[in-house]
Amino acid sequence: MRILVVSPTPSHPQDAGNRARIHAVLSGLKAAGHGITLCLLDREKVAPEHLDSMRSAWDELILVPHDRSLEKPSLPDGSFGLDDWIQPALEDALVGLAARRPGFDMVLVEYVFLSRAFTFFPAPHLRFPAPVLKVLDTHDQFGGRDKRLRALGLNPSFYFTTEAEEARGFGRADLVLAIQDEEREAFDAYSPKPVLTLGHVPAEDRPPLAPRPPDGRFVIGYLGSSNPMNTRALGRFLAALDLPALAAAGAELRIAGSAAGHLAPQPGLTLLGPVADPDELYATVDLVVNPHEGGTGLKIKTVEALARGRPVAGTAEAFAGLAPQLPFQAAADAPALAALVQRLVAEPALRPGLARDSARLWQGYAARVAAEQRHLASPAELRLAMQRPRTLLVTDLRFWEERLGNHARIASLARAARSEMDLDLFFLGTMSETEQDRARKILGGRCRLFPTGPLPATPEAILPKGLTPFERRSTIAAALPLFARHLAENPPDAVVLEYIRLSYLRHAIAQPVLKVLDTHDIMSLRARNFAHFGRRHFIEISVQEELRILSDFDQLLAIQQDEFAWLEALLPGRVLLAPHVVPLVPRAAGSAEGPVRIGFLGGDSPMNRDGLAWLLDQVWPAIAPLGAELHVAGQVSAAVPPGRAGVVAHGMVERPEEFLARLDIGVNPVFYGGGLKIKTVEYLCHGLPSVLTAEALYGLSGGAGTAYALAEDRAGFVAALAELVLDPTARARMGDAAQAFGRRHFGPAALAPAMRSLAGLARGIPRPAARPRAAGA
């Protein structure tokens, strides 16, 4: 391909993160055999020798004059308009480049504020039949950037705009590149064009550094420039760090770069100043820290240190896009990171694990980025990414509220699906404008909403043939013609029905389409489980009838491993494991002071009410004297009797994740129910040490005694909970393992394979045949 790159930032020298990013992207394209013309705005007044380096590296360099004094914001709120940095010299250059023959096959624009460059390359028509592929490399999220910085007490600099303006810029491209997955998920919420992830790996080919020779010391390093975000985060980290204790323990913090220009050396703190090569720091340390707070994009310094073979500890924001599993790489903020560093100093046994996990994290990330670079270099792969199947999600649940487990399930499924498919919503019911806005943020910037409005009862309606007895009881007759008409007018590639309660709608599907049922639970087994404890489930169906219904779908989505295995054995080749996933969140901060906070979060179901009653009657009398508090949230809190000492009922909480973040321990005392317990998953993903019954762990295994405490009976529940209340070290150790377990099994990446398979099936691509197992496997 002949590729035109339009950039405000040079590729040489690679002395800043954005320069290193551009150099790596262009080097990958060049290595794949493509020709590179770099159209560079002379915004940073590059030295002649660096211009010569760019001329040597790329096929052509075009330098365009640019006056930074003309970069003035034009929007009423003080933000920059999308094209406020576009100047006549660039427009003139683009007119000439667009007129070249032969023309360019791809236009790659660096940063959304230069997206106007795409408009100079028209859509295919008679004069120019060959399409020009337009790809936007975002680098960062600029919509609302000023608000995020001001929330940290920093004045915004560089470019910032609104989400609406950013989305308008995205609309000019064919494909949008995000530098990391979490940012891609944010863009997916409002981008009118497909978004792909293209991570960053330094283009230089240097072997990792060898470990520092042991000398009895533990040396910690930090490298950063003096930009306000760095100096603020570093200051907060140092304020929370006990430097005298570090020095007394034989540890030392070394700071390189201009971020520490205002600091003075002291025991435990060494200042190296600016370094010509980061290895001047990395070669002399055992651990690198990154206390970054706020901001977006990929933290290049984190990637750089990992690439050089150094263990890295940091905040969740410092590791955004890398999906680490260790709590040492997911601290809530800079002070929390300081506490983790003190643990690493005090407990040397923790360090080898961090080193191994850092190396493993880097190897996996580097392999993933290499695959992403190959996709960018392949026109066929890029065209396929543009041709996304349209999938219709059908539900009567107000999932955008995200207050109940089934809400969270549908929302997490939609967020994962929107990275592979364009989503429509057929909602059986009414939606206010506010509800539609909330649904769009979950379904993505390319979604369409189709609420039915009120559905009248039609007792005289003639129901279609083939309904089972359960479906006859569940059918809303008025929905069938509405659904059939919708499918005829807006034909999708796939239909996903949420819950077996809506399975009757499959009888309205007349055209070829992939029919998918998201099961949530095996309802017949769940009903049997309820009946064993004398409770009636809201869905009553036999195993035989449920299997008859399930067999009429092309694909079934199972939420956990046990149900997947059960369904796959009965309906082989038609089941995808689509686990519930939770966004990557920092470790729960807990109660900074005061009593230990134990939490239970749940909806108003019989199993939750009965489990809470058992907890209050059988367990809490033994725990309350230890000085802990029990905090109950969600609809189940209505079942808390008034006046119970040490028990706080919160009612419905607007943001369950904020409730969980303030807990020290989680409990789930349910003893029947079936299905995956989403609250259990959320405890684990928030790094909460938890005491759980066997029923609360249905479908989970492999972490008992480390990532969570499994209580077989009342005595076991009391003993495990008492130990966690009384022993902060045990809480910290189990919380570490819980977060790693949760991220490994329920991080966003766990749902990606199922969504890729579903998108492939919707395109008409058959699933690959299962590989035969090797003997003894």
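At what angle do helix α10 (residues 300–307) and helix α12 (residues 351–376) pack, and how far apart are their axes? The two helices meet at about 105 degrees, and their axes are 9 Å apart. Axes here are lines fitted to C-alpha atoms, for helices over the stretch in contact, and angles run from 0 to 180 degrees between N-to-C directions. Helix α10 is therefore roughly perpendicular to α12, a term that covers angles of 65 to 115 degrees, whereas angles under 35 degrees count as roughly parallel, those over 145 as roughly antiparallel and the rest as oblique. On the α10 side the contact is formed by Val303, Leu306 and Ala307, and on the α12 side by Ser358, Leu361, Trp362 and Tyr365; contact means heavy atoms within 4.5 Å. Sorted by class, the contact of α10 with α12 has six nonpolar residues, one polar residue and no charged residues. In this scheme Ala, Val, Leu, Ile, Met, Phe, Trp, Tyr, Cys and Pro are nonpolar, Asp, Glu, Lys and Arg are charged, and the others, Gly among them, are polar.

The model is predicted: local features need pLDDT of at least 70, side-chain atom pairs count only at pLDDT 80 or more, and totals for chains, interfaces and linings use all residues. Residues are numbered from 1 along each chain as its sequence is written, and side-chain values use heavy atoms, with hydrogens and water left out. Helices (H or I, at least four residues) and strands (E, at least two) are DSSP runs, numbered from the N terminus.

Another helix to consider is α14 (residues 405–417). Its 13 residues reach 18 Å from the first C-alpha to the last, close to the 18 Å expected at 1.5 Å a residue; the expected span is 1.5 Å times one less than the number of residues. Eleven of the 13 residues of α14 are buried, so this helix is largely enclosed by the rest of the structure. Buried means under 20% relative accessible area, exposed means over 50%, and partly exposed lies in between (1.4 Å probe, protein chains only). The buried residues of α14 include Asn406, His407, Arg409 and Ser412, as well as Ala408, Ile410 and Leu413.

The buried residues of α26 are Ala754, Met755, Leu758, Ala759, Gly760, Leu761 and Ala762. Their cover includes α14 together with the strands β16 (494–498), β17, β18 (555–558) and β19 (575–577). Just after α26, Gly764 takes a positive phi of about 95 degrees.

From Gly764 the account turns to Gly627. These two glycines are 137 residues apart in sequence and 60 Å apart in space, C-alpha to C-alpha. Gly627 is found in the loop between α21 (606–623) and β21 (629–633), and is partly exposed at a relative accessible area of 40%. Leaving aside neighbours within four places in sequence, Gly627 is in contact with Pro595 and Val596. Ala622 is placed in helix α21 and is partly exposed, with a relative accessible area of 31%. Ala622 and Ala722 are 100 residues apart in sequence, and their C-alpha atoms are 8.4 Å apart in space.

The peptide bond from His12 to Pro13 is cis, with omega near -10 degrees, and Pro13 is in the loop between β1 (2–7) and α1 (17–31). A cis peptide bond also joins Arg101 and Pro102, with omega about 0 degrees; Pro102 is found in the loop between α3 (88–98) and β4 (106–110).

Positive phi values occur in residues other than glycine as well. Lys45 has phi near 50 degrees and is found in the loop between β2 (35–41) and α2 (48–57), where Lys45 is exposed, with a relative accessible area of 52%. His520 has phi near 65 degrees and is in the loop between β17 (514–518) and α18 (523–532), but His520 counts as buried at 4% relative accessibility.

Arg172, in the loop between α5 (163–170) and β6 (175–178), is buried, with a relative accessible area of 19%. Leaving aside neighbours within four places in sequence, Arg172 is in contact with Leu82, Asp83, Ser115, Arg116, Phe118, Thr119 and Lys134.

The cysteines complete the account. With a disulfide defined as a pair of cysteine sulfur atoms within 2.5 Å, the count comes to zero disulfides. Cys39 is buried at 0% relative accessibility, and Cys447 is buried at 13%.
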